[in-house]
Amino acid sequence: MKSSHKTRLLKYFEDHNSITSLEAIRDLGNTRLAATVCILRSEGYNITTSDIKVKTRWGSTTTVAKYTLKDRQKTFFKRMAEGYARGL
């Protein structure tokens, strides 16, 4: 399978369970994490968003989105069933 933003993000979720935009840039080279998450959601992945507070380089705090893949097993089997229904 060809490596893409989607496949790299799914692998990251397998290994780390959640991701922020800074982690996506640093670890995956993905500068458009929200777009990749949107695509995966449209394909049936259950990804939740929560706001977390992080420190900035100047010592203040800001809020960023943290994405978490939920129900990995359930989603996997749902996709498999959809694939079989389409004859894949």
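Helices (H or I, at least four residues) and strands (E, at least two) are DSSP runs, numbered from the N terminus. I began by looking up how many there are. The chain has 4 helices and 3 strands. Their order from the N terminus is α-β-α-α-β-β-α.

**Ground rules.** I noted that this is a predicted model, where local features need pLDDT of at least 70, side-chain atom pairs count only at pLDDT 80 or more, and totals for chains, interfaces and linings use all residues. Residues are numbered from 1 along each chain as its sequence is written, and side-chain values use heavy atoms, with hydrogens and water left out.

**Whole chain.** I looked up burial next. Buried means under 20% relative accessible area, exposed over 50%, and partly exposed in between (1.4 Å probe, protein chains only). Of the 88 residues of the chain, 23% count as buried. Then I turned to contacts, meaning heavy atoms within 4.5 Å. I took those between residues at least 6 apart in sequence, and 45% of them join residues at least 24 apart.

**Asparagine 30.** I found asparagine 30 in the loop between helix H2 (21-28) and helix H3 (33-42). Is asparagine 30 buried or exposed? Its relative accessible area is 2%, so asparagine 30 is buried. I listed what asparagine 30 touches, leaving out residues up to four places away in sequence: His5, Ala24, Ile25 and Thr36. I also checked its side chain, which reaches the backbone nitrogen of leucine 33 at 3.3 Å.

**Threonine 7.** I placed threonine 7 in helix H1. Its relative accessibility is 22%, so threonine 7 counts as partly exposed. I compared its position with threonine 36.

**H1 against H2.** I looked up the axes, which are lines fitted to C-alpha atoms, for helices over the stretch in contact, with angles from 0 to 180 degrees between N-to-C directions. The axes of H1 (residues 5-16) and H2 come within 12 Å and cross at roughly 110°. H1 and H2 are therefore roughly perpendicular to each other (65 to 115 degrees). Which residues meet here? Arg8, Leu9 and Tyr12 in H1 meet Glu23, Asp27 and Leu28 in H2.

Methods. Polar contact = N/O pair within 3.5 Å; in protein donor to acceptor, adjacent residues only side chain to side chain. Parallel < 35°, antiparallel > 145°, perpendicular 65-115°, else oblique.
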